[in-house]
Amino acid sequence: MIAFEHVYKKYPNPVDMWALEDLHFGIEPGEMIFLLGESGAGKSTVLKMITLEERPTHGRVLAAGFDSESISRSQVPYLRRRCGMVFQDFRLIKDKTVFENVAYCLRMTGTLERTIITRAVSRVLHSVGIYGKRERFPHELSGGEQQRAAIGRALIHEPPILLADEPTGNLDLETGSEIMEILARLHLLGTTVLVATHNREFAQRFATRSLTLHAGRVVEDLFLRPHGTEIY
Ligand code: ADP
C-alpha cells in the first residue's frame, strides 16, 4: 500500500540537515501503524511524503498505486483523494457548517448532484457520530466533535489510506481515546491507518506496528499484534 525506498529529505533551510535519512520500509494494506518519536524526529515529514506535499530529495515513495518518481502533476489530486488526512488543529472551514465542510470536498471534486451529496455526507457523519450536529459551525463544537467532523471529511472519498498527524494533540486523554477508537474501527474495516504521535500509550493500545523515528531515522520497527486484535 505504501513503500519508502531509501528516502532522504532535506528542506531548503537549513540546508545541512537531513529531515529524513535513508527511510526504507513497506506498509501492507490494513496495517495500523503509529509513527513515534519526539518533536522534530520527522513524523510529519513522513506523512507529507506520502501525499507528495513534500518530495523526496533522494529515493522514492510509492503510495496507493502512485510512484513519486513518475507521477504527473495532474495525478497528484488523485493520489490525495486516496489518502484521507486528519490534523491536530482539525482544519475545518470556520464559516461552514459540519455538513458543508464535508460536502465542499465532494463538490470540489465534481460531485454536484444534491441527493448524492446528502446521502454521502450523512453516511460519513453517522459513521463518526457527529450527524446530530451537522448544522453546527466549528466554533459551536468541542475539540473532540471538531475532530470527528474532520475525520468524516477525510473519509468522504472512501480512501484506502488515512493519515493522522497528532490527531489527539489538542484533546484531553478521554476524548483522545475516543478519537483513536474511531481510527481503530476504520482500520478494522480495512483502511490502512498511519498515526503520527508522541503518545506511546496509544500505540500500545491501538497499533499493529510502531515505527520510531529519531533525528530522521527509523530506530525501531515493532510488530505489536496481528491485524484485528486491538485492545480497546
Ligand atoms: P515531527 O513531525 O516529528 O515533529 P517534522 O517532520 O515536522 O518532525 O520535522 C523534521 C525535521 O525537519 C525537523 O528538524 C524540522 O525542523 C525540519 N522541518 C520540518 N519542516 C520544515 C520546513 N518546512 N523547512 C525547514 N525545515 C523543516
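These questions and answers concern a predicted model of a protein chain with a ligand.

Q: What radius of gyration does the protein chain have, and why does that value agree with a compact globule?
A: The protein chain has 232 residues, and a compact globule of that length would have a radius of gyration near 17 Å. The C-alpha atoms fill a box of roughly 50 × 40 × 35 Å along the principal axes. The chain agrees with the globule value because its own radius of gyration is 17 Å.

Q: How many helices and strands does the protein chain have?
A: The secondary structure of the chain contains both kinds of element. The count comes to 7 helices and 10 strands.

Q: What share of the residues of the protein chain count as buried?
A: A residue is buried when its relative accessible area is under 20%. The chain as a whole exposes about 11400 Å², with carbon and sulfur atoms supplying 51% of that area. Of the 232 residues, the share that count as buried is 50%.

Q: Of the contacts with a separation of 6 or more, what share comes from residues 24 or more positions apart?
A: A contact here requires heavy atoms within 4.5 Å. Among contacts in the protein chain with a separation of 6 or more, residues 24 or more positions apart account for 68%.

Q: Is R148 buried or exposed?
A: R148 has its place in helix 5, which spans residues 143–155. The cut-off for buried is under 20% relative accessible area. R148 has 18% relative accessibility, so it counts as buried.

Q: Which residues does R148 touch, not counting those up to four places away in sequence?
A: One of the touched residues is G129. G129 and R148 are 19 residues apart in sequence, and their C-alpha atoms are 7.2 Å apart in space. With residues up to four places away left out, R148 touches V128, G129, I130, E178, I179 and I182.

Q: How do the residues of the shell around the ligand divide into nonpolar, polar and charged?
A: The residues around the ligand are Y11, N13, M17, A19, E38, S39, G40, A41, G42, K43, S44 and T45. The shell divides into 4 nonpolar, 6 polar and 2 charged.

Q: How far is an oxygen atom of the ligand from an N or O atom in the side chain of T45?
A: Polar backbone atoms also lie by ligand oxygen atoms: one of A41 at 3.1 Å and one of G42 at 3.0 Å. The protein covers 66% of the 560 Å² of accessible area that the ligand has on its own. For the side chain of T45, the distance is 2.5 Å.

How values were computed
Residues are numbered from 1 along each chain as its sequence is written. This is a predicted model: local features need pLDDT of at least 70, side-chain atom pairs count only at pLDDT 80 or more; totals for chains, interfaces and linings use all residues. Side-chain values use heavy atoms; hydrogens and water are left out. A residue is near a molecule or strand if one of its heavy atoms lies within 4 Å of it. A polar contact is a pair of N or O atoms within 3.5 Å; within protein, one must be able to donate a hydrogen and the other to accept it, and residues adjacent in sequence count only if both atoms are side-chain atoms. Accessible areas come from the Shrake-Rupley method with a 1.4 Å probe; for residues, only the protein chains shown count as cover. Ala, Val, Leu, Ile, Met, Phe, Trp, Tyr, Cys and Pro count as nonpolar, Asp, Glu, Lys and Arg as charged, and the others, Gly among them, as polar. Helices (H or I, at least four residues) and strands (E, at least two) are DSSP runs, numbered from the N terminus. The radius of gyration is taken over C-alpha atoms; the globule rule is 2.2 Å times the number of residues to the power 0.38. Buried means under 20% relative accessible area, exposed over 50%, partly exposed in between (1.4 Å probe, protein chains only).
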